[in-house]
Amino acid sequence: MTALVAIDQGTTSTRTIVFARDGGRLGSHQVELPQHYPQSGWVEHDAAEIWQHTQRCLRAAIADAGMTAADITAIGITNQRETTVVWDRANGQPIHRAIVWQDRRTSGWCAERADRSDWLAARTGLLLDPYFSATKIAWILDHVDGARARAEAGELAFGTIDSWLIWNLTGGRVHVTDATNACRTALFNLDTQDWDDDLLEFFGVPRALLPTVCDSASEFGVTADGVLDHPVPIRGVAGDQQAATIGQACFQPGMVKSTYGTGCFMVLNTGAERVASQNRLLTTVAYRLNGQPTFALEGSIFVAGAAVQWLRDAVHLIQNAGETERLAASVDSTNGVYLVPAFTGLGAPYWDPEARGAILGLTRDSGIAHIVRAALESVGYQTRDLMNAMREDALMPVELRVDGGMVVNDWLTQCLADVLQLPVVRPRVVETTALGAAFLAGLQSGVYASLDEIAEQWAEDRRFTPALAADRADGLYSGWQAAVARVKTAATATAQTA
């Protein structure tokens, strides 16, 4: 039997899933990952803890499948992107906590150099924003004693989480990444498909820190002695959103998927053509195979599932995420309540790092159910923000394929169809991020002969079609736009008085 293992290292958890060739789940294990908030707007992870969790999940998932490492064909890795780790090459220890993609500590640095944003976008497809890895690397080098000199001397290594895991899985023998992760650093030139010296100089990042960039399906090394009871090759790597694009079999231009986890990320395949967005979307590598990149437009929402976590953990309006479906359905509407979850700024298409969250439209009649429903509806409205931008920049999608933990909620998925006025399709396997990593490992291993053969494994679970009148959907969305405008105005006023 073919068995492919996917390591899915995310923002709030680490999990490993063992897949059969047809995408069926054979075994799995998951561990929650704590986040650290040392200051307002700062978000960090313990990279050593991530590695410990990965080992635990890898072994437990294989055991859950009733297998041993000798039964595994290959490993695929997918990861939270942009999150930055810098470690000592000699002992493998991080020199600072990992700085998470959500972190905004370098927003001032970016604001001071806003005039270089167009130059940056022309080379990288990205915006000048704290979201991406480059300013995080520079911050670590400038705030850890001696780090910059050691980096320039080649004593330190940088990696996004994929590189960090590969380094550890291979016993420190391999320092690599793939093109989908490299293109999220703001140091990678989309045209040359390599690190860019001008970008390295601009951000102050020594080339000696950087990993080698590989295709998404490639030979990334073999697990070292002691990691598992048998060596297993690592043959697929992709950042989480690109992996979900592969897991959703969005291989043709115009196909679009949206993943709902901590954040929400919509990716539109544009094929061999690199489309420059006029609406502040990102141009990114969807995957690179045999040296040939396939490009995509991407819209990033910083807070989707994290809004539900906030309802549970910060304000204690719910005890678990499963309650949200019942509460949202228990009221006919939010009664004009809008929740704008700009807890770490606003992502695409606004890109306002200073914006902060707000609940607007509260009255004496507002209750927990209205606020919970508003939190779920905010996911739909933010998705429409992205879809509108994509329609203006590129092709008009005929449907939206969705995945991630949130879409098991039927109410939310129907809400998406209603707000977007577009069919929303949920696949049979909703762990498409992990599945995409497994598919890449299988492609490199010869388990699948082509992307077409991978696409044959994709299957629809349920299709949600709009049940809300278009004029009603438009009216609700107009209210959302007004709420966002008020949040942005408040952010501007706060900045001016600070």
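This is a predicted model: local features need pLDDT of at least 70, side-chain atom pairs count only at pLDDT 80 or more; totals for chains, interfaces and linings use all residues.
Residues are numbered from 1 along each chain as its sequence is written, and side-chain values use heavy atoms, with hydrogens and water left out.

So who does Asp 198 pair with? That's Arg 123, in a salt bridge at 3.0 Å, N to O; by salt bridge I mean a side-chain nitrogen of Lys or Arg within 4 Å of a carboxyl oxygen of Asp or Glu. Arg 123 is in helix H3 (residues 117-124) and Asp 198 in helix H8 (residues 197-203), so this pair ties together parts 75 residues apart in sequence. Helices here are DSSP runs of H or I, at least four residues, and strands are E runs of at least two, numbered from the N terminus. Arg 123 also counts as partly exposed, at 22%.

Across the whole structure, the search finds 32 salt bridges. Take Arg 81 with Glu 298: their closest N and O atoms are 2.6 Å apart. Arg 81 lies in the loop between strands S5 (74-79) and S6 (85-88), Glu 298 in strand S17 (residues 292-301), so that pair ties together parts 217 residues apart in sequence. Both Arg 81 and Glu 298 are buried.

Last one: Arg 105 bridges to Asp 103 at 2.9 Å between the closest N and O atoms, and both are buried.

Notes:
Buried means under 20% relative accessible area, exposed over 50%, partly exposed in between (1.4 Å probe, protein chains only).
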